[in-house]
Amino acid sequence: MPYLHILFLAPIIFYIIAMESNNQQHKRVFVSGCYDMLHSGHVAFFKAASQYGDLYVGIGSDATIEQLKHRKTVYSERERLYMVKAIRYVTDAFINTGSGMMDFVETVDCVKPDIFVVNSDGGSDTKREFCRQRGIEYIELERTPDAGLTARSTTSLRGTVHSHLPYRIDLAGTWIDQPYVSQYGAGWAITVSIEPTIEFMERSGMSTSTRNAARKIWPYELPAYNEEMMARLLFCFENDPERDDGIVSGAQDAIGICMSGLCRHYYDGRYWPSRIESCHDEATLSWLESHLCLVPMFPRRPGTSVVEGKDVTPAKVKALTDAAGRCWQAIMARDLQAFAQAYRASFDAQIAMFPGMMAPGVQEHIDHWKSHALAWKMTGAGGGGYLALVVDTVPEWAIPVKIRRYED
């Protein structure tokens, strides 16, 4: 009788289903990746892979990521291991001990998985053949977000994450960091390190090229380290002795980015300053923020040469260094009128030596804004970017400046 037959077989069917489920749950599943910017896409992938059994994760080491991606990691391997292990779909995780694209080989040989799972965009014939040789089932999964979530990938996510590296504004005396200028008279350059409160335009005279070089060392933020040593490192990194354009970026760019607060640095015929002094006094920095702001002009145009037609003389260098000295004294005294006068005098001395700074369109912007300010100058000597204005109070239409404070 069919009905009695089904009743008789039911316990056996249930037993077989339970055993299959049990066997499935005790299979070992392996995945591998960097997981440097852990996001919901990774979690969804872990969830999908864990449906095949107990999930084990191999994580690329810091050295491997730097080798493959030519950048430092956002999170250290220990942090990434901690975060991945904390995900409930993961049975255990390990730092891969190998290198290159197949850095997981030794981890696989220790875990001895039954199944190797990859995202469809992470699969390869090499991985497939590796699994075939070891008798491991190879599965490729499509990148599918969990219900209601946006699809994520590290590559797309990285494009939306802004760097927290600072920019710099030169206040007075700059160009003195070039030996062909300071050979006519030693003096100070004054820079201020500012927070990236907005994404400032490229080629703006705010040390964006040096900042881009810094991002190759520290992609998102400066480490907690000796600031002058970081500035030296950045200066040497940007000025690779094998670069063939013959240009040496001034040290004031690296110092302005790496050294917080307000700095002055003394140049006397060499590329690196013989003295560096910093001001971290909160009252002084707050006072400076309340009287300094930015208005946009235009990026430095391709092909613009600010050194073309330069006229560097001892008298003009002295005008530059004298203005920088007065500017520092005025800031320390919080004397707004003296600060504005020295600030403007420094700019006038710069363009007297380097008239190429006054690219077409610069004077029109100065004419437009000078009635709103006590003094003005371009950010840096790049011939474009922004006008940095000295004002009684920062108006609503201007971009305020946030000076980066020193952190212990």
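**Close-up views of a predicted model**

**View 1. Surroundings of Trp 218 in the largest nonpolar core.** Apart from neighbours within four places in sequence, Trp 218 is in contact (heavy atoms within 4.5 Å) with Leu 165, Pro 223, Met 230, Leu 233, Leu 234 and Cys 258. The model is predicted: local features need pLDDT of at least 70 and side-chain atom pairs count only at pLDDT 80 or more, while totals for chains, interfaces and linings use all residues. Residues are numbered from 1 along each chain as its sequence is written, and side-chain values use heavy atoms, with hydrogens and water left out. A nonpolar core is a set of buried Ala, Val, Leu, Ile, Met, Phe, Trp, Tyr and Cys residues joined through side-chain atoms within 4.5 Å. The largest one has 47 residues, and those with the most contacts inside it are Trp 218, Leu 234, Cys 258, Leu 387 and Leu 389. Helix α11 (residues 251–258) contributes the most to this core, with five residues; helices (H or I, at least four residues) and strands (E, at least two) are DSSP runs numbered from the N terminus. Another core, of 34 residues, lies apart from it and includes Leu 285, Ile 331, Leu 336 and Tyr 343.

**View 2. The open sheet β11-β12-β10-β13.** Four strands form this sheet, with antiparallel pairing; two strands pair if DSSP finds at least two bridges between them. β11 (375–378) and β13 (399–400) stand at the edges with a single partner strand each, so one side of each has no neighbour in the sheet. Four bridges join β11 to strand β12 (residues 386–390) in the antiparallel sense. Leu 387 in β12 is the bridge partner of Met 378. Helix α14 (residues 336–353) packs on the sheet and touches β10 (292–296), β11 and β12. The direction of α14 makes about 35° with that of β11; axes are lines fitted to C-alpha atoms, for helices over the stretch in contact, and angles run from 0 to 180 degrees between N-to-C directions.

**View 3. Val 391 in the loop between β12 and β13.** Val 391 is buried, with a relative accessible area of 2%; buried means under 20% relative accessible area, exposed over 50%, and partly exposed in between (1.4 Å probe, protein chains only). Beyond neighbours within four places in sequence, the contacts of Val 391 include Ser 290, His 291, Leu 292, Cys 293 and Leu 336. Gln 337 is 54 residues from Val 391 in sequence and 9.9 Å from it in space, C-alpha to C-alpha.

**View 4. The open sheet β6-β7-β8-β9.** This sheet has four strands in antiparallel pairing. Its edge strands, β6 (167–172) and β9 (275–279), each pair on one side only. On average, neighbouring strands are turned by 25° against each other, direction ignored. Strand β8 (residues 262–267) is joined to β9 by five bridges, and Cys 263 stands opposite Ser 278 in β9.

**View 5. Ser 193 in strand β7 (residues 187–194).** Ser 193 counts as buried, at 1% relative accessibility. A polar atom of the Ser 193 side chain lies 3.3 Å from the backbone oxygen of Gly 256.

**View 6. Glu 221 in the loop between α9 (208–217) and α10 (227–238).** Glu 221 is exposed, with a relative accessible area of 54%. Setting aside neighbours within four places in sequence, Glu 221 is in contact with His 164 and Leu 165.

Methods:
A polar contact is a pair of N or O atoms within 3.5 Å; within protein, one must be able to donate a hydrogen and the other to accept it, and residues adjacent in sequence count only if both atoms are side-chain atoms.
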